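Subject: Structure handover

Hello,

Here is the structure for your files. My notes on it follow below.

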Amino acid sequence: MEGWQDRIVIDPKVCHGRPCIRGTRVWISLIVDNLADGATEEEILAAYPALKPADIRAALAFAAEMTRERYGESPRTRTSSIMKIKFA
């Protein structure tokens, strides 16, 4: 079974070390941002023909992994309370 580690590369010589899909210069953040903005998988694949559906799933898996067990302090926009976010 292929994991996100097989599809994503972080190389200082490629895109200044930003995580991207292996063999492309498509940033993981670009894929996740597009999905967050409501783009469909089909729209992303049409805009970036080098991508495959598995690349989009890998980007989401990578994003999920990066959010696990990482906490710090972040102000809430409408209250004066602070959310506790833990960084590993």
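Buried residues make up 22% of the 88 residues in the protein, where buried means under 20% relative accessible area, exposed over 50%, and partly exposed in between, with a 1.4 Å probe and protein chains only. This is a predicted model, in which local features need pLDDT of at least 70, side-chain atom pairs count only at pLDDT 80 or more, and totals for chains, interfaces and linings use all residues. Residues are numbered from 1 along each chain as its sequence is written, and side-chain values use heavy atoms, with hydrogens and water left out.

Overall layout

The protein has three helices and four strands, and their order along the sequence is β-β-α-α-α-β-β. Helices (H or I, at least four residues) and strands (E, at least two) are DSSP runs numbered from the N terminus. The protein exposes about 6400 Å², and carbon and sulfur atoms supply 56% of that area. Accessible areas come from the Shrake-Rupley method with a 1.4 Å probe, and for residues only the protein chains shown count as cover. Of the contacts between residues at least 6 apart in sequence, 25% join residues at least 24 apart; contact means heavy atoms within 4.5 Å.

Nonpolar core

Which residues make up the largest nonpolar core? There are 12 in all: Ile 8, Ile 21, Val 26, Ile 28, Ile 31, Ala 39, Ile 44, Leu 51, Ile 56, Ala 58, Ala 59 and Phe 62. The elements giving two or more residues to this core are H1 and helix H3 (53–67), and the largest share, four residues, comes from H3. A nonpolar core here is a set of buried Ala, Val, Leu, Ile, Met, Phe, Trp, Tyr and Cys residues joined through side-chain atoms within 4.5 Å. In soluble globular proteins, nonpolar side chains tend to be buried together.

Ile 8, one of the core residues, touches Pro 19, Cys 20, Ile 21, Arg 22, Ile 28, Ala 58, Ala 59 and Phe 62, leaving aside residues up to four places away in sequence.

Helix packing

How do H1 and H3 lie, parallel or perpendicular to each other? Their axes come within 9 Å and cross at roughly 95°, so H1 and H3 are roughly perpendicular. Axes are lines fitted to C-alpha atoms, for helices over the stretch in contact, and angles run from 0 to 180 degrees between N-to-C directions. Angles under 35 degrees count as roughly parallel, over 145 as roughly antiparallel, 65 to 115 as roughly perpendicular and the rest as oblique. On the H1 side, Ile 28, Ile 31, Val 32 and Leu 35 meet Ile 56, Ala 59, Leu 60, Phe 62 and Ala 63 of H3.

Ser 29 lies in H1, which covers residues 28–36, and counts as partly exposed because its relative accessibility is 35%. Ser 29 and Pro 19 are 10 residues apart in sequence, with 7.9 Å between their C-alpha atoms.

The disulfide count is zero, a disulfide being a pair of cysteine sulfur atoms within 2.5 Å. For Cys 15, the closest cysteine sulfur is that of Cys 20 at 4.5 Å, which is too far for a bond. Both residues are buried: Cys 15 has a relative accessibility of 11%, and Cys 20 has a relative accessible area of 1%.

Cys 15 is in the loop between S1 and strand S2 (20–21), and His 16 is in that loop too. Cys 15 has a positive phi of about 55° without being a glycine, and His 16 likewise has a positive phi of about 55°. Most residues other than glycine have a negative phi, and most peptide bonds are trans. His 16 is exposed, because its relative accessible area is 79%.

Arg 7

Arg 7 sits in the segment before strand S1 (8–9). Arg 7 counts as buried because its relative accessibility is 16%. Residues up to four places away in sequence aside, Arg 7 touches Glu 2, Cys 20, Ile 21, Arg 22, Lys 52, Ala 54, Asp 55 and Ala 58.

Regards
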